[in-house]
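Here are a few friendly notes to read beside the model. Take them one point at a time and find each place as you go.

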Amino acid sequence: MPHQQVRQTMRYTGDAAHPQRHQEVPAVFVDRRLNALALYNGSAPWTGGQLSFLLPGQTNEYYKMPEKWAAYVDTKSGFGVGIYTPIAEQLVAYRVGGEGSAARSDCSYMAPLVTSAIQPQSEFSYDTYIAVGR
């Protein structure tokens, strides 16, 4: 499947140190009609194991991400948006809006996570790969 590589860099020029916290690498918001969060969360990554299709609720839900990828897909059409972030092993996700709602605020959210401190005068870079399609 065609994909796009995105290199992101955060430069912190401040002088204060910040403790370890989850960092979204990156945060991804897609249309709520992409209703199922697809990922592999078993114990044998990259062996062709069964995928999980999850329906996150409206508050943060955390998942292991041993293959370092996840996608929101429309279970009817098979269309989806997937991300692969090689440095992430955990994911947070939620969905906002009710079935049939057309509110502008409705969305499906996912973010691969790393836990790190931010040190004075520091830089942090990572790559994410994004794929859209069937």
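1. Let us begin with a term: on a 1 Å grid over the protein atoms alone, a pocket is an open set of points where a 1.4 Å probe fits, with protein on both sides within 12 Å along at least five of seven lines, and lining residues have an atom within 4 Å of a point. The largest pocket is lined by 15 residues, and Asp31, Arg32, Arg33, Gly100 and Ser101 lie nearest its centre.

2. Please keep the background in mind: this is a predicted model, where local features need pLDDT of at least 70 and side-chain atom pairs count only at pLDDT 80 or more, while totals for linings use all residues. Residues are numbered from 1 along each chain, and side-chain values use heavy atoms, without hydrogens or water.

3. Is arginine 95 buried or exposed? Arginine 95 is buried (under 20% relative accessible area, with a 1.4 Å probe and protein chains only), because its value is 4%. A polar atom of its side chain lies 2.8 Å from the backbone oxygen of arginine 32. Arginine 95 also touches Leu34, Tyr72 and Cys107, among others, leaving aside residues up to four places away in sequence; contact here means heavy atoms within 4.5 Å.

4. Now look at serine 77, which sits in the loop between strand S7 (69–73) and strand S8 (80–84); strands are DSSP runs (E, at least two residues), numbered from the N terminus. The side chain of serine 77 reaches the backbone nitrogen of phenylalanine 79 at 3.2 Å. Serine 77 and leucine 34 are 43 residues apart in sequence, yet 9.5 Å apart in space, C-alpha to C-alpha.

Notes: Buried means under 20% relative accessible area, exposed over 50%, partly exposed in between (1.4 Å probe, protein chains only). A polar contact is a pair of N or O atoms within 3.5 Å; within protein, one must be able to donate a hydrogen and the other to accept it, and residues adjacent in sequence count only if both atoms are side-chain atoms. Helices (H or I, at least four residues) and strands (E, at least two) are DSSP runs, numbered from the N terminus.
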